[in-house]
Structure formats: structure tokens, C-alpha cells
Amino acid sequence: MIEIDDLHKRYGDKTALAGVSFAVKPGEMFGFVGANGAGKTTTMRILMGVLAADSGQVRRDGRPLTFEDRRKFGYMPEERGLYQKMKVSEQVQYFGRLNGMSAAQAAKATADLLERLSLTGRAGDEVGALSLGNQQRVQLAVALVHDPEVLVLDEPFSGLDPIAVDALAEVLVERRTAGVPVLFSSHQLDLVERLCDSVGIISAGRMVASDTVEELRAREGRRLLKVVVRDAAPGWTAGLGGNITEKGDEVLFTDVNGSDQEILRAATKAGTVEHFGWERPTLTEIFREAVA
Amino acid sequence: MSGLWLVARREIATRGRTKAFVIGLVISALLVGALAFLPKLFAGPDSYTVGFVGPSTLQPALTGAAKDVEITVKPFADEAAARKAVLDGDVDAVVVDDRRVFADGEVDRELGLLLEGAHQTAQAGRQLAAAGLDAAKVAEAMRVAPLEQVSVGADTRYAGARTGIATLLVMLLFFQLLQPSMYVAMGVVEEKGSRIVEILLTSIRPWQLLGGKIVGLGALALLNLVVVIVAGLGAAAISGFASDMPPGIGGVVVSTLFWFVLGYAFFATLAAALGSLVSRQEEVSSVLTPMMMLIMAAYFVSYFAAVEPGSPVARILSMIPPFSSMVMPVRTAAGEVPLWEMGVAAALMIIATAAVLVVGARIYERAVLRTGARVKLSEVVRDGSAVAR
């Protein structure tokens with residue numbers, strides 16, 4: 001388990017992190033979301049040891065992370081970094097070898113990964129000759145080549161076409177299933193919602209929410225009541241509590257404050273109740289609410 | 001350690017395969033090889049063809065006296081044939097009846113001296129014989145050991161060759177110190193600017209990355225230097241210039257390689273430390289200015305030392321690092337250097353290089369992950385807590 005415990009970081013007089021804590025369990029895909037400048041990249045750089053925190057700690061299974069731990073991590077920094085003049089296959093192998101693989105292991109892992117990422121045909125090309133999307137796939141291959149025990153990916157999906165997104169998502173799910181904790185940041189909330197088990201929302205250097213997606217939705221979920229009544233007499237909602245938005249037969253209640261059963265009785269009296277239930281908010285709605 | 005070798009291998013593989021490196025290597029080898037032929041080109045030929053008309057006593061004296069040069073003898077039936085051969089350039093000169101010499105214009109200076117000497121010997125022998133003296137005994141009596149030259153100052157016999165070699169060495173060292181150091185700085189900035197360094201430094205330690213880069217590019221520079229030296233010496237052997245070279249050329253080669261390794265370690269580490277302060281290639285040259293000025297200063301002093309190896313300026317600066325890395329090998333090539341001066345220079349330079357390695361590696365380690373605006377040197381020195389390690 002990777003634990004991030006009360007990280008603080010200041011750049012000059014600007015506070016980047018003001019007590020960031022969360023945990024990523026083995027076999028868990030953790031989506032790290034937040035507005036630009038909220039502190040995602042700073043947190044991930046501290047996690048990877050390329051930046052020092054002013055205070056706070058990053059632990060793995062209870063003990064502080066060491067350099068040797070991080071060598072077994074797969075990391076994709078926010079700004080993509082590859083040697084432009086180096087060939088794709090050579091480059092991926094090089095990073096595998098730097099992480100302690102033998103030449104043969106690195107060659108095999110590279111060939112497998114390039115196959116998975118549909119890059120086999122470009123193995124002998126210089127990275128600089130590839131499209132940005134393909135360079136991103138190489139970047140991912142670099143992060144994955146040494147079969148990392150933990151994955152830390154900063155905006156891995158940005159700039160990818162839908163097919164590449166699916167390919168990357170598939171690889172990440174596979175790693176997660178193999179028991180690897182996967183932490184990635186993204187602005188594509190639908191993707192985070194679809195892929196992640198847990199979500200952390202950061203705003204202005206503070207975690208405003210961090211929990212499983214189910215839990216977050218459940219917690220936020222008892223706020224919006226949707227009622228659909230066919231052939232209702234107009235004005236049946238008059239006198240009911242909460243804010244009401246009507247759209248044809250559909251009525252949305254917010255701030256119901258426990259008067260849900262009263263609304264149900266009024267609805268049955270008014271006509272045929274087709275739908276009555278709490279609306280599950282999307283992650284986007286939760287996010288908007290949380291950072292507002 | 002394996003991390004360092006992997007990095008070094010990558011540097012060698014990527015830089016060594018570039019056209020620029022291969023072409024540069026071939027051109028510098030050819031250039032130095034060609035230079036080894038220059039002295040012979042200007043020094044004139046060392047073989048002559050001399051024609052003779054009529055019987056000659058000068059001929060044996062001439063072929064007997066010429067030790068360093070090769071004389072080919074060509075007999076001619078009459079003067080007309082001899083004149084034609086001279087004009088056609090078939091012979092350098094023709095001796096007619098031991099009294100006249102035909103040449104196209106003036107006789108070559110060295111050949112003229114040889115002919116005059118042979119003429120003196122032959123003529124004197126004949127006149128002595130005519131006076132009733134035994135030719136063999138006369139010859140015996142006339143044999144005189146040549147004057148022995150003893151220099152009470154420096155050995156100046158090879159001054160010209162020494163200055164030439166030293167001047168060449170100045171340029172060679174200048175380029176082989178400057179260029180790879182620039183490559184080191186550019187490589188550091190490439191990795192910093194593209195953030196590859198963030199991935200690299202989660203896999204290997206900063207000293208491995210820095211050390212590998214310096215070792216790899218240094219190995220290429222050393223290869224370049226060795227190839228150029230071998231090309232130069234090889235060409236000198238072929239052209240015959242090698243026989244005019246001062247003794248102890250092996251010592252000069254060893255000293256050059258020794259000082260190159262120290263000088264390169266010094267300047268490359270300095271370049272890496274300075275390079276790590278910036279994130280964009282456009283900023284490299286401005287941040288390297290102090291190092292460039294140091295190398296340029298060493299370059300000019302070395303030129304001076306090539307011509308005036310014994311001057312106080314050359315002697316003092318050849319012991320002060322980092323100037324010593326260029327001035328000392330040049331001085332060694334240009335003239336005799338007392339052993340103690342070499343020892344002092346080497347000791348000081350080793351200390352300076354070690355200091356630069358320690359300080360430079362620390363600056364690099366602290367600055368290379370701070371992307372964005374140029375990092376101030378004072379910030380790096382003051383704030384050691386930039387990176388968790």
C-alpha cells in the first residue's frame with residue numbers, strides 16, 4: 001500500500017500543497033483529479049522523489065519510501081521526456097536496463113510491450129519521427145518495461161485518440177488486476193469514473209475528497225430526487241419542500257431534507273408514478289461540487 | 001556502477017554513430033596526417049639524379065660523401081644529350097669533364113654543396129698525386145673527424161620540429177577539450193529540458209548519470225585524440241619526417257594523454273554543472289561563458305608556450321590548474337621540462353579536478369531537477385534540501 005501522509009510544499013511564498021493525504025491499495029486504480037495548479041503534479045513528483053516535500057511523508061507498507069523502492073515504480077512525468085534521436089526499441093530497452101534488467105529480459109519485455117501498444121512497426125524509428133500520440137505510447141512503454149510494482153502516471157491519457165485511450169486503459173486494468181497499485185491523474189473525469197476504484201479530488205493543495213467511487217457517489221447521492229409522474233395534474237408539486245425544477249413530466253427536487261416520503265404520497269395522488277428515486281451524480285458533478 | 005556504464009554506453013552509441021562524429025574523426029586524422037608531409041614538402045628532395053659526361057674522379061667522391069641523400073648516376077655521351085636531359089628534368093645536374101656543372105637555372109643548394117665538396121676532394125687528391133704523393137696516404141691524412149656540436153644551453157637541434165608539434169598539440173587539445181565538454185553540457189540540458197531526467201533519476205543516482213555521460217563522451221574524445229596521434233605518427237613514419245622528430249616523442253604522447261584525461265574531467269564536469277542550471281539549449285552558450293573563457297585563456301597561453309616554452313609565464317601557468325592541462329603537455333612537447341615542475345603541475349591539477357568533481361556533481365544533483373527558469377548558482381549552494389535523497 002502506498003500512503004501519502006500530510007504533504008506540505010511551498011514554492012517561495014506560494015503554497016502548493018497544504019496537507020495532502022491519501023492511500024492507494026494494492027490492486028487499486030486511483031484517479032487523481034483536480035483543477036490545473038491544484039497540486040497533482042507536485043504530489044506525484046514528491047511521491048517519485050524528484051521533488052522534496054517541506055514536510056510530510058510517503059510510505060510503502062508502513063515504512064518511508066526509499067530510492068530502491070522507487071526503482072521498482074513505473075513513472076510517467078507530466079511533461080513527456082524521451083530522447084528524440086534514439087530509436088524506439090533501443091530507448092525502451094535502455095530504460096529497462098537502467099532499472100536492473102538483463103539485456104535479454106529488457107529485449108523481450110520491450111518486444112512484448114511494443115506489440116501490446118501497436119508500435120512493433122515503429123520499433124526501429126527514431127522517437128522524434130513519431131506522432132505525438134505514438135510518442136506517448138513509447139513513454140508508457142518506458143514506464144512499464146521493468147514490470148513495475150507500482151504505477152504513477154501524470155496525465156497518461158492527455159493527447160491520446162480514443163483507440164489509444166482504450167489500449168492504454170486496457171494495459172492499466174491488466175496491471176491493476178495483477179495487484180499493482182495504479183495512481184494516475186487526469187482531467188477526463190468520465191474516464192476516471194469508468195476505470196478507477198477510488199478517486200482523490202484535490203483543490204488548492206488540499207484533498208477535498210478521497211474515497212471509492214461508490215462511496216463518493218453514495219455520499220453525494222441523497223441530494224437529487226427525480227420523480228416522473230405521467231398524466232399528473234398541473235401544480236401537484238405546490239406546497240412541497242425543497243427546490244423544484246420541472247421539465248415536462250419530470251420533476252427534480254433538491255434540498256429535500258427528509259420530506260421524500262411526503263413527495264411520494266403527493267406524486268401517487270397526482271397520477272401514475274413512473275420513476276421515483278435518488279439520482280446518482282456523475283463524477284463531474286461531484287467534482288464541480290467538491291471544488292466549488 | 002552498472003548504471004554508469006549503461007549511460008556511458010548509450011552516449012558512445014548515440015554520439016559515436018552520428019555523421020558529425022565519424023566525419024570529424026576522418027577529417028582530423030587526414031589533416032594531421034597531411035601535416036606530417038609538410039616539412040618534407042618544404043625541405044626539398046633527399047634524392048638526386050646526377051649526369052656525367054666524360055670520365056670523372058668526382059663521381060666516386062660524390063657518391064661516397066653523400067650519406068643522407070641518395071644519388072643516382074647517369075652517364076651521357078656528349079654535352080648536347082646532357083643539356084637536353086637537364087632541360088627535360090631527367091637529371092638535377094650534369095657534371096661535364098669534372099670542370100663544369102649544367103643545371104636548369106641554379107643548382108639545388110644542397111646538391112651544389114655536395115658537388116663542391118666532392119670536387120674539392122677529387123681535385124685535391126689529383127693535385128697531391130701530381131706532386132708525387134701517394135693517393136691512399138693522402139686520403140688517410142685528410143680524413144678528419146667532423147666537429148662535435150655541444151649545446152651548453154637547451155637542446156635546440158629539434159627546435160623547429162618541437163615548435164611545430166607543440167603548436168599542433170595546442171589545437172588538438174583545445175578542440176578535444178572544448179567540443180566534448182560542450183556535448184556534455186548539451187546532453188545535460190537535453191535531459192533536463194525534456195524531463196527525461198525525472199525518469200532517469202528514479203532509476204539511477206545522479207552521479208551515475210553524470211559520470212556515465214562524462215565517461216562516455218570522454219571515451220569518444222580520447223578515441224579521437226588517439227586516432228589523430230596515430231595518424232600523425234604513421235604519416236610521419238611514411239613521409240620520413242619521423243627521422244627529424246625530437247627524441248622522446250613517446251613521452252610527449254603519454255604526457256598528452258595523461259593531461260587530456262585530467263583536463264577533460266575538469267572541464268566536462270564544469271560544463272555539466274553549469275549546464276544543469278538551465279533548461280533550454282539556447283541558454284547553454286551563455287551559461288558556459290565562464291568555462292569557455294577559461295579554455296580560451298588556456299589556449300592562448302598554450303600557443304605562447306609552444307613558441308616560448310621556457311618563459312616565466314609559460315612555466316608558471318603550466319603548473320596552475322586548469323591551465324596546466326593544456327600548457328604543460330604543450331611545454332613538454334616544445335622543450336625540456338624539469339621533472340619537479342611536472343610533478344607540481346600534476347599534483348595541483350589532480351587536486352583541482354577532484355574538487356571540481358565533488359562540487360560539480362553536487363551542483364548538478366541539486367540543479368538538474370529544478371526545471372523552469374535558470375537556477376542561480378548561489379541558490380544551489382545555499383539550499384541543499386531541494387531533492388529528497
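Analyst: Two residues are in contact if their C-beta atoms, placed from the backbone, lie within 7 Å. This is a predicted model, in which local features need pLDDT of at least 70 and side-chain atom pairs count only at pLDDT 80 or more, while totals for chains, interfaces and linings use all residues. Residues are numbered from 1 along each chain as its sequence is written, and chains are lettered from A and ligands numbered from 1 in the order in which they are written.

User: How many residues of chain B are in contact with chain A?

Analyst: The contact involves residues from both chains. Chain A gives 22 residues, and the number from chain B is 19.

User: Which element gives the largest share of the side of chain A that touches chain B?

Analyst: Helices (H or I, at least four residues) and strands (E, at least two) are DSSP runs, numbered from the N terminus. The elements of chain A that give two or more residues to this side are α2 (67–71), β6 (73–76) and α3 (88–98). The largest share is four residues, and it comes from α3(A).

User: How many charged residues are on the side of chain A that touches chain B?

Analyst: Ala, Val, Leu, Ile, Met, Phe, Trp, Tyr, Cys and Pro count as nonpolar, Asp, Glu, Lys and Arg as charged, and the others, Gly among them, as polar. On this side of chain A, 14 residues are nonpolar and three are polar. The number of charged residues is five.

User: Is B:W259 buried or exposed?

Analyst: A residue is buried if 20 or more other C-beta atoms lie within 10 Å of its own, exposed if 12 or fewer, and partly exposed in between. B:W259 is in helix α11 of chain B. Because B:W259 has 26 C-beta neighbours inside 10 Å, it counts as buried.

User: Which residues is B:W259 in contact with, leaving aside its neighbours within four places in sequence?

Analyst: B:W259 is one of the residues of α11(B) that make the contact with α15(B). With the sequence neighbours left aside, its contacts are B:S325, B:M328 and B:P329.

User: At what angle do helices α11 and α15 of chain B pack?

Analyst: Axes are lines fitted to C-alpha atoms, for helices over the stretch in contact, and angles run from 0 to 180 degrees between N-to-C directions. The axes of α11 (residues 249–275) and α15 (residues 324–334) of chain B are 8 Å apart, and the angle is about 175 degrees.
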